[in-house]
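Take a look at the structure below. We will walk through a few of its parts.

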Amino acid sequence: MQRSITSHLVAVFWQLSGMASSLISWDEIWVFMNYSELAPAYIRAIAPYIPGKPISELERELGIPNMGIGGIVKLASNENPLGASPKAIAAAHAALDQISLYPDGNGYALKAALVKRYAVEFEQVFLGNGSNDLLELAARAFLTVGDKGVYSDHAFAVYPLAIQAVGAVGISVAARDFGHDLDAMRKAAVEQGAKMIFIANPNNPTGTFVSGNTLLEFLRALPANILVVLDEAYNEYLPVECRYDSVSWVKEFPNLIISRTFSKAYGLASLRVGYALGNAQIMDMLNRVRQPFNVNSMAQAAAVAALQDTEFVQQTFALNLRGMKQIVDGLTKLGLEHIPSYGNFVSFKIKDATRIYRRLLESGVIVRPIANYAMPDYLRVSIGLESQNEKFLSALQQALT
Ligand SMILES: *Cc1c(COP(=O)(O)O)cnc(C)c1O
């Protein structure tokens, strides 16, 4: 029902004068004064995702426009400081010529490339508009009002959002040393009848990691009717000795959904493309709730090229390893404690985190406050180029004085 402001005010007046109580109820009037009341309570209760501050926004705030990447250092969203593979960028450019056509809704070329890479069936691959899309679609396909989903304290913020957006109930399990306590998560899921468990490995924003063996034990002990979304957004950054072959587990565990992204090590964050690997029945359900064209053609073309450019991923990995050491050494020299990280970022403990964050902004360095992850005494910094890491460390030293 549509009602103009004027007729709405007239209705309020009628109601107050006692003339029109049979024509319009207070409930109805209230709804039109407060449109958020039209949304279900579980939507109104959502605390929106807080992204890293964009460079352009800080430029506006500081009144120094167009400094670009060279001026302001953004180490707030775990983006790839090397950018993207030149081959991926060329492929995205080429795809622009076909911008008037809808993308391939089945993502044939990208799925074929993933099938080849991971030795899975075509039907076991699902593409998302970023992996964020597939995390949400997993919740939408399998959870409904009153169902339960489990995740860890300090885990990636999208899990509670995805669960809450479908009216399901999120259960946050206490972390151990900031990392996932898989035994406790399994017990909570079984005892409370949860349908889905989200695991981030490594986790963002803590950078914590559980070994492949620990994950395997967890999967073996878990009832097969509880779905596991294993979010491996930072998989490519794992040190060689920590790597494990989760894709090979899909055969043994039909309740396992592996989530990966092109946003981090592949450097395609803006294009929005990620993928899930899992059993065909689950992928089928995800396909029913996605938009028909959820991954655009530039993203599909760039992702195919990015997947082939293993050298770029290798460079990214090596740069991150060096940068992690540089930043961790720098933090230690400043007397600051950090949580050992397996990703392309590290969270460190600091007094007055909000004030330090602001002072870093004034120096043109954007990091990420993580008070909304129940870590108000921490800041998260992404690993950048050597010069960016250097700028961050000297700005931090200044901020501390
Ligand atoms: C960055 C991130 C993602 C990926 O986001 P995209 O939507 O693929 O850009 C997923 N999970 C975690 C834990 C992340 O940090």
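Predicted model: local features only at pLDDT ≥ 70, side-chain atom pairs only at ≥ 80, totals over all residues.

Residues are numbered from 1 along each chain as its sequence is written, and side-chain values use heavy atoms, with hydrogens and water left out.

Start with the ligand. Residues near it (a heavy atom within 4 Å) include Ser131, Asn204, Asp231 and Lys264. An oxygen atom of the ligand sits 2.7 Å from a polar backbone atom of Ser131. A ligand nitrogen atom is 2.6 Å from an N or O atom in the side chain of Asp231. Lys264 places a polar side-chain atom 3.2 Å from an oxygen atom of the ligand. Taken alone, the ligand exposes 390 Å², and the protein buries 93% of that. Such areas come from the Shrake-Rupley method with a 1.4 Å probe.

Asn204 leads on to Arg380. The two side chains make a polar contact at 2.6 Å (N or O atoms within 3.5 Å, one able to donate a hydrogen and the other to accept it). Arg380 is buried, meaning under 20% relative accessible area with a 1.4 Å probe, protein chains only. Yet Arg380 has no salt bridge (a side-chain nitrogen of Lys or Arg within 4 Å of a carboxyl oxygen of Asp or Glu). The nearest side chain of opposite charge, Glu79, is 8.2 Å away.

Now find Gly71. Why does Gly71 count as buried? Because its relative accessible area is 11%. Gly71 and Ile55 are 16 residues apart in sequence and 9.2 Å apart in space, C-alpha to C-alpha.

Notes
Buried < 20%, exposed > 50% of the residue type's maximum accessible area, 1.4 Å probe, protein only. Lys, Arg positive; Asp, Glu negative; His and termini not counted.
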